[in-house]
Amino acid sequence: MKVIECNRLSKSYERIRAINDLSLSIEENKITGLIGRNGAGKTTLLKIIAGLLHKTSGEIRVFSEEPFNSLKVSANIIFIDDNLAFPKSFCLEDILEAAGTFYENWDMSLARGLLEYFALHPKQFHKNLSKGMQSTFNVILGISSRCPLTIFDEPTVGMDGAVRKDFYRALLKDYVQNPRTIILSSHLLNEIENILEDILLLNKGEKCLHMPITDLKELAVGLRGKKEIVDELTKDMETYHQETLGKDSCFKVVKNNFSQIELQHVKKAGIEMLPVAAEDIYIYLTSGDKGGIDDVFNRS
Amino acid sequence: MKLNTEGMKPLYVQVSQWLETEILSGNIKENEKIYSQYQLAEMFNINPATAAKGLNILANEKILYKKRGLGMFVETNAKENILRKRKDQNLKPLVWELVMESERLGVTEYELVDMIKTAGIQIREGRNYESDRV
């Protein structure tokens, strides 16, 4: 079943197009990573899905309904970011208890357990927490709600490394026991890639790719060695990135459709094969044609 | 449990190889139930779909078989199948690398065979390969 379907969806802020003609669908009970550079349109897309923003044109269906002003969508969705507004007079415990009355699958004992584990005092107030602790509390809310559609928009802002790791593990464990549709946006792909099933890569408001994460990791391969030989071996291949090293060597990232026999040729020619991290593929795919940061300094 | 996230080997291949090692070492016997995709997901901290992909590789290679609604079980000849596969897929490329490097260094076939024999003896005696150099 498809939980989210968009068809030629667009959203403009004044003259800027944040989402441009986007068509995609997200299946039930998958963890999807929404990845993109700053300003790629991640938050805008998520807010439209959550019914917090109006689209400009196109179609959007969440649980088969237009999400804006839909009770069904708000009852089945939780949207976690670092801008959540809570009543000022509520302490953390009050917020959790109130959330329990909103969400059908709410697990209060899990919420309390996580609160204690992350050393948050139930009587504390949200506004008095540090940035990282606020984020931690927000993700506790997100996990414990067990919403059929759970959206985390850059949830780990301000968290330290240990807390981030614990959060991803907690999310995965709870997902294994209670499968649901989860969207996790981030620009730190290497941190979340292991727990993802699918990846959705946005670039300048458009879909760059949407595929199983295991496919993305096999999409590209890096070759390092003599430029002549590398160029000859990769003649007709799609190139994602290349740089020269020293006098006559190069490093080239190409689409990985080498056959077993070709791979042996590469090895025999003394060319090194290097894996390309998913994170790097994403940077190559979204870097555009402006050249690299080096070019800014090379202008005279 | 730790998987190598940097290497050339996809995570699901690493999962399937870990399962093979469990079968070879006798930790999971023939016709016994193997870990589910969910157990593997928790053990390795990976998405259950990735773990399922690792299990499916082994099902396609007749190392595991599916019982509807019950999960996956170890095939009767699993050990032999794994050994045959590893000889073909792991050992062969290693031997190729070995021979290629020897050619580059100008090591003769005789020397190479001799080195392999010596290494065999040292490994069986539990010695370190650097020990005879001092």
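1. Leaving aside neighbours within four places in sequence, A:His126 is in contact (heavy atoms within 4.5 Å) with A:Phe86, A:Leu92, A:Ile95, A:Gln134, A:Phe137 and A:Asn138. The residue sits in the loop between α4 (108-117) and α5 (131-145) of chain A; helices here are DSSP runs of H or I with at least four residues, strands are runs of E with at least two, and both are numbered from the N terminus. A:His126 counts as buried, at 11% relative accessibility. The classes are buried under 20% relative accessible area, exposed over 50% and partly exposed in between, with a 1.4 Å probe and protein chains only. The side chain of A:His126 also makes a polar contact with the side chain of A:Asn138, at 3.1 Å. A polar contact is a pair of N or O atoms within 3.5 Å; within protein, one must be able to donate a hydrogen and the other to accept it, and residues adjacent in sequence count only if both atoms are side-chain atoms.

2. On the basis of the model: this is a prediction, in which local features need pLDDT of at least 70 and side-chain atom pairs count only at pLDDT 80 or more, while totals for chains, interfaces and linings use all residues. Residues are numbered from 1 along each chain as its sequence is written, chains are lettered from A and ligands numbered from 1 in the order in which they are written, and side-chain values use heavy atoms, with hydrogens and water left out.

3. A:Asp81 lies in the loop between β5 (77-80) and α3 (92-102) of chain A. With a relative accessible area of 8%, A:Asp81 is buried. Its side chain reaches the backbone nitrogen of A:Asn83 at 2.9 Å. Apart from neighbours within four places in sequence, A:Asp81 is in contact with A:Lys47, A:Asn138 and A:Asp153; A:Asn138 is also among the residues in contact with A:His126. A:Asp81 and A:Ile151 are 70 residues apart in sequence, yet their C-alpha atoms are 8.5 Å apart in space.

4. Which parts of chain A does the salt bridge between A:Arg164 and A:Glu191 tie together? The two side chains meet at 2.8 Å, N to O. A:Arg164 belongs to helix α6 (residues 161-177) and A:Glu191 to helix α7 (residues 189-192) of chain A, so the pair ties together parts that are 27 residues apart in sequence. A:Arg164 is partly exposed at 22% relative accessibility, and A:Glu191 is likewise partly exposed at 26%. A salt bridge is taken as a side-chain nitrogen of Lys or Arg within 4 Å of a carboxyl oxygen of Asp or Glu.

5. A:Lys226 forms a salt bridge with A:Asp248, the closest N and O atoms being 3.8 Å apart. A:Lys226 is in strand β10 (residues 220-226) and A:Asp248 in the loop between β11 (239-245) and β12 (249-255) of chain A, so this pair ties together parts that are 22 residues apart in sequence. Both residues are partly exposed: A:Lys226 has a relative accessible area of 42% and A:Asp248 one of 39%.

6. Further salt bridges of chain A deserve mention. The side chains of A:Glu232 and A:Lys235 meet at 3.2 Å, N to O, and A:Lys235 is exposed, with a relative accessible area of 56%. A:Glu93, A:Glu97, A:Arg112 and A:Lys123 are linked in a network of salt bridges. Over all chains, a search of the whole structure finds 24 salt bridges.

7. The area buried between chain B and chain A (the accessible area, 1.4 Å probe, that the two parts lose on being put together, summed over both) is about 1800 Å², and carbon and sulfur atoms give 54% of it. The contact takes 20 residues from chain B and 22 residues from chain A. Across this interface the rule finds two salt bridges. B:Lys53 and A:Asp215 meet through their side chains in a salt bridge of 3.6 Å, N to O. On the side of chain B that touches chain A, α1 (11-24), α2 (37-44), α3 (48-60) and α4 of chain B each supply at least two residues. α3(B) gives the most, with four residues.

8. Chain B also carries a nonpolar surface patch of about 510 Å², made by B:Leu91, B:Leu94, B:Val95, B:Leu98, B:Val99 and B:Ile116. Patches are made of residues with over 30% relative accessible area and no salt bridge, like charges being joined within 9 Å and nonpolar side chains (Val, Leu, Ile, Met, Phe, Trp, Tyr) within 5 Å. Helix α4 (residues 78-105) of chain B gives the most to the patch, with five residues. B:Leu94 lies in this helix and is exposed, with a relative accessible area of 55%.

Notes. Areas by Shrake-Rupley, 256 points an atom, 1.4 Å probe, with all protein chains shown as cover.
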